[in-house]
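Subject: Structure for you to look over

Hi,

Here is the structure I promised to pass on. Please open it first, then read my notes below.

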Amino acid sequence: EVLVNLLFHHGFKGFIPKGKYVTFTKKSPVKMLVIKEWLKKLYKKKYKGIDIHSIFVNPRGYLEELPKEYTVGIQSKSHLKNSGVVYIKSKSHRQIFFNYTIKAKVTVYTARKKIIMNEELFNGNCVKNSIMLDTFKALPVKDIQKAQLQSKHNIRKDAVITLRDVTGLDLVKRGSKVTVSLNHSNMDISFIAEANQNGRYGESIYITSTNGKKNKAVVTGRNKVEIK
């Protein structure tokens, strides 16, 4: 009661102790602007169109000043969360650690319905949302365009779609008929062949023409390949 009255006298109104003992920490006079700016750039690089509201950085111990020259670093995968540990390293290799919290909104895609394995992702089964940054298992997919991505596994309805959930879309399926383009002696030749394997944009696959000859071709579109 004496402590509460003393704090009230000095302007700390509404203080309620949570236990028998109260620990006071002296606030560091160090300015965190450089570290905050570094964190801001990092998160903007990781998250397309992130809307950062605030960043709080606090040293783990009392500091009178920062080194004159230092580099900033972060623990692995901390950018997947809204809080973590950032550190600075001086020229003498001394490390100082800080706790940080970032309040921000990020753009994500969520599953409009259950998406099954190897299903193409597009606006029909995905929806774009803006949510508060919390914790992700991997970076969210930045953009979903038709004929670019497919699911690696089943994705439950309303789940945030991350890079760990997707892979490049197979534009050519094994056993399917493909249109083959060939430029020979300044002549453009086209013919139909069968794909011997799945293929994504830019990948090389083997094809078999109607006469049984095998060739290597590059996938250029849906059921389209080109012999270089």
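One definition before the notes: contact means heavy atoms within 4.5 Å. Helices (H or I, at least four residues) and strands (E, at least two) are DSSP runs, numbered from the N terminus. Buried means under 20% relative accessible area, exposed over 50%, and partly exposed in between, with a 1.4 Å probe and protein chains only.

This is a predicted model: local features need pLDDT of at least 70, side-chain atom pairs count only at pLDDT 80 or more, and totals for chains, interfaces and linings use all residues. Residues are numbered from 1 along each chain as its sequence is written, and side-chain values use heavy atoms, with hydrogens and water left out.

**Helix H2**

What covers the buried residues of H2? The cover includes S1, strand S2 (70-74), S3 and S4. The buried residues in H2 are Ile35, Leu39, Leu42 and Tyr43. Down the axis of H2, they fall within an arc of 90 degrees, so they line one face of the helix. The arc is taken from the directions from the helix axis to the C-beta atoms. An α-helix has 3.6 residues a turn, so residues three or four places apart point the same way. Exposed Leu33, Lys41 and Lys45 sit on the face of H2 turned away from its buried side.

The length of H2 is close to expectation: 14 residues reach 20 Å from first C-alpha to last, against 20 Å expected at 1.5 Å a residue. The expected span is 1.5 Å times one less than the number of residues.

**Cores**

A nonpolar core is a set of buried Ala, Val, Leu, Ile, Met, Phe, Trp, Tyr and Cys residues joined through side-chain atoms within 4.5 Å. The largest one has 27 residues. Ile35, Leu39, Tyr43, Tyr47, Val57, Phe98 and Ile102 have the most contacts inside it. Two or more residues each come from helix H2 (33-46), strand S1 (51-59), strand S3 (83-90) and strand S4 (95-111). S4 gives the largest share, seven residues. Another core lies apart from it, with 13 residues, among them Leu169, Ile207, Val219 and Val225.

**Salt bridges**

A salt bridge here is a side-chain nitrogen of Lys or Arg within 4 Å of a carboxyl oxygen of Asp or Glu. The count is seven.

- Glu119 and Lys113 meet at 3.1 Å, N to O. Glu119 is buried at 18% relative accessibility. Lys113 is partly exposed at 39%.
- Asp170 pairs with Arg200, the closest N and O atoms being 3.5 Å apart. Asp170 lies in strand S8 and Arg200 in strand S11 (residues 199-200), so the bridge ties together parts that are 30 residues apart in sequence. Asp170 is buried at 12%, and Arg200 is partly exposed at 29%.
- Lys177 pairs with Glu194, with 3.7 Å between the closest N and O atoms. Lys177 lies in strand S9 and Glu194 in strand S10 (residues 187-195), so this pair ties together parts that are 17 residues apart in sequence. Lys177 is exposed at 54%, and Glu194 is partly exposed at 33%.

Where does Ser176 lie? It is in the loop between strand S8 (170-172) and strand S9 (177-184). Ser176 is buried, at 18% relative accessible area. Its side chain reaches the backbone oxygen of Lys173 at 2.5 Å. Neighbours within four places in sequence aside, Ser176 is in contact with Ala193, Glu194, Ala195 and Asn223.

Asn223 sits in the loop between strand S13 (214-221) and strand S14 (224-227). Asn223 is partly exposed, at 32%. It has a positive phi of about 55 degrees although it is not a glycine. Most residues other than glycine have a negative phi.

Asp158 is exposed, at 53% relative accessibility.

Thr110 is in strand S4 and is buried, at 8%. Residues up to four places away in sequence not counted, Thr110 touches Asn125, Cys126, Val127, Asn129, Asp158, Ala159, Val160 and Ile161.

Best wishes

Conventions
Polar contact = N/O pair within 3.5 Å; in protein donor to acceptor, adjacent residues only side chain to side chain.
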